[in-house]
Amino acid sequence: MEAVIYEERTEQIHRKGDKPFALSCDKESLAGAVSQRACVFCGSRVVLYPIADALHLVHGPIGCAVYTWDIRGALSSGPELHRLSFSTDIQERDVIFGGEQKLYQALIELIDRHQPKAAFVYSTCIVGIIGDDLEAVCKKVSAEKGIPVLPVQSEGFKGNKRAGYAAACEAMNKLVGMGDTKGISKHSINILGDFNLAGEIWLVREYFEKIGVQVVANITGDGRVGDIQRAHGAALNLVQCSGATMDLANMMKKRFGTPNLRVSYFGVEDMAEALYAVADFFKDEEIMARTRQLVADEVKGLQAELNEYRRELTGKKAAIYVGGAFKAFSLIKAFRLLGMDVVMVGSQTGTNEDYEELAEICDPGTIIVDDSNPLELSSFLKEKDVDIFVGGVKERPIAYKLGVAFCDHNHERKEILAGFAGMRNFAREVHASVMSPVWRFVPRKSPGNSASAVSSA
Ligand code: SF4
């Protein structure tokens with residue numbers, strides 16, 4: 001069947017093999033196309049939210065705060081202040097006379113009540129329009145209360161979700177450099193871009209600790225203000241989900257000379273590569289030997305089970321639509337390990353370089369799409385007759401309405417998908433979902449019923 005694509009969006013879709021690679025990306029979403037993307041404010045909120053001992057105050061109408069309340073399943077091993085959603089609840093009166101006084105009072109009250117280590121104050125659309133001086137209010141409260149109070153300039157309309165990541169990194173950059181770096185090993189790293197969904201950062205930290213590398217700061221899963229303040233003492237920044245925290249890594253490189261490596265912890269290959277890349281960086285024989293041992297032990301336990309799944313999954317088709325394109329690379333490799341073909345791959349915030357790399361590793365005929373919408377995604381899933389769709393909370397209903405298996409690889413999941421243990425979970429979930437007998441009762445392959453999901457999406 002012919003895919004449903006708006007004329008203005010054709011440059012953001014590429015089918016590998018049709019013509020030389022070219023894809024337009026990192027631009028405003030098409031008005032009326034119901035983008036799967038969130039706003040700038042939401043972009044900054046998802047990055048900063050897991051910092052568990054900070055106060056997160058949304059300066060705006062109540063809807064912005066509700067929309068992002070407890071937005072990730074980011075677990076904390078200690079305080080859980082991040083899970084409370086605070087808002088100044090801007091009303092008509094504040095829009096007319098300004099909301100600075102309300103913001104000041106809210107900050108004073110909340111800091112007194114919760115004693116946070118720092119406060120992040122998020123700007124929303126309406127605050128950008130009425131022009132409240134967030135910076136001045138934050139500065140005043142910071143001086144009075146003696147903690148960092150950081151404005152996050154994340155007005156929802158000022159760009160796409162990537163601009164929110166940048167605003168979050170700007171705010172964190174003000175924290176870095178404030179702490180004491182005593183006691184930090186020369187073999188040390190910061191973990192950037194892991195948000196501790198289902199406890200993943202604990203697993204990844206454990207791997208690094210086993211090979212003899214100290215983790216200074218989690219940025220931001222299970223994050224702590226004090227750790228971020230001393231993050232400049234680490235020898236290396238490991239950056240996952242490069243869209244979200246690469247800006248901070250670049251700022252730290254400029255300010256402190258901290259080098260960075262882009263890694264991924266999803267899939268056997270990428271997890272092993274991340275560990276070897278760190279061992280290689282430190283040029284320490286003992287670290288390298290421990291890394292070899294750890295990878296060998298983990299893979300040995302996993303291989304037989306993966307082979308079992310592979311027997312039944314070979315030739316099945318998968319589609320991927322994720323926030324950052326970097327995760328898509330790992331998912332393609334993970335599906336290949338299971339014998340499956342990826343026939344569609346897309347992201348909300350990929351860059352030109354991301355998509356070029358994706359085009360290189362994809363098979364001919366694969367659809368590559370930037371900033372897609374439900375109508376397009378539905379028609380791609382049907383056109384390619386996929387067996388499983390991997391995405392986040394907004395993609396789940398698209399799959400289920402079409403009678404396609406779905407794997408949540410985003411905010412809401414409760415199971416670890418990172419690391420070697422995560423690959424086992426991922427393979428089990430994909431196998432159970434794709435091979436479930438329930439699909440026998442879903443008429444997705446019946447031509448007479450194929451249009452219903454798009455019209456109701
Ligand atoms: S910041 Fe703007 S676009 Fe984002 S949730 Fe609030 S009102 Fe909506």
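Domain bounds here come from an automatic or database domain assignment. The model is predicted.

**Exercise 1. Find the domains and say which elements of domain 1 face domain 3.**

Solution. 
Step 1. Read the bounds. The assignment gives domain 1 as 7-33 + 302-456, domain 2 as 40-174 and domain 3 as 188-292.
Step 2. Take the spacing. The C-alpha centres of domain 1 and domain 3 are 27 Å apart.
Step 3. Count the contacting residues. Domain 1 brings 23 residues into contact with 19 residues of domain 3.
Step 4. Assign the domain 1 side to helices. Helix 13 (325-337) and helix 17 (419-434) each supply at least two of its residues. Helix 13 gives the most, with eight residues.

**Exercise 2. Describe the overall build of the chain: does its radius of gyration agree or disagree with that of a compact globule?**

Solution. 
Step 1. List the elements. The chain has 18 helices and 14 strands.
Step 2. Box it. Along the principal axes, the C-alpha atoms fill roughly 65 × 60 × 40 Å.
Step 3. Compare with the rule. A compact globule of 457 residues would have a radius of gyration near 23 Å; the chain has 23 Å, so the two agree.
Step 4. Check burial. Buried residues make up 51% of the 457 residues.
Step 5. Check contact range. Among contacts with a separation of 6 or more, 74% join residues 24 or more positions apart.

**Exercise 3. Characterise the shell around the ligand.**

Solution. 
Step 1. Name the residues. Cys39, Phe41, Cys42, Gly60, Cys64, Tyr67, Thr124, Cys125 and Gly156 surround the ligand.
Step 2. Helix 1 (40-48) and helix 2 (62-67) each supply at least two shell residues.
Step 3. Classify them. Six are nonpolar, three are polar and none is charged.

**Exercise 4. Which residues touch the most other members of the largest nonpolar core?**

Solution. 
Step 1. Start from the core, which holds 138 residues.
Step 2. Follow one of them. Leaving out residues up to four places away in sequence, Ile388 touches Ala318, Val404, Ala405, Phe406, Cys407, Val430, Ser433 and Val434.
Step 3. Just after helix 15, Asp385 takes a positive phi of about 50°.

**Exercise 5. Are Asp89 and Asn196 buried or partly exposed?**

Solution. 
Step 1. Note the backbone. Asp89 is not a glycine, yet its phi is positive, about 50°. Asn196 also has a positive phi, near 55°.
Step 2. Locate each residue. Asp89 lies in the loop between strand 3 (86-87) and helix 3 (92-97). Asn196 sits in the loop between strand 6 (188-192) and helix 8 (200-210).
Step 3. Apply the cut-off. Burial needs 20 or more other C-beta atoms within 10 Å. Asp89 has 17 C-beta neighbours inside 10 Å, so Asp89 counts as partly exposed. Asn196 has 26 other C-beta atoms within 10 Å, so Asn196 is buried.

**Exercise 6. Where does the cis peptide bond from Ile219 to Thr220 fall?**

Solution. 
Step 1. Confirm the geometry. Omega from Ile219 to Thr220 is near 15°, and the bond is cis.
Step 2. Find the loop. Thr220 is placed between strand 7 (214-219) and helix 9 (225-229).

Key:
Residues are numbered from 1 along each chain as its sequence is written. This is a predicted model: local features need pLDDT of at least 70, side-chain atom pairs count only at pLDDT 80 or more; totals for chains, interfaces and linings use all residues. A residue is near a molecule or strand if its C-beta atom, placed from the backbone, lies within 6 Å of it. Helices (H or I, at least four residues) and strands (E, at least two) are DSSP runs, numbered from the N terminus. Ala, Val, Leu, Ile, Met, Phe, Trp, Tyr, Cys and Pro count as nonpolar, Asp, Glu, Lys and Arg as charged, and the others, Gly among them, as polar. A nonpolar core is a set of buried Ala, Val, Leu, Ile, Met, Phe, Trp, Tyr and Cys residues joined through C-beta atoms within 7 Å. A residue is buried if 20 or more other C-beta atoms lie within 10 Å of its own, exposed if 12 or fewer, and partly exposed in between; C-beta atoms are placed from the backbone. Two residues are in contact if their C-beta atoms, placed from the backbone, lie within 7 Å. The radius of gyration is taken over C-alpha atoms; the globule rule is 2.2 Å times the number of residues to the power 0.38.
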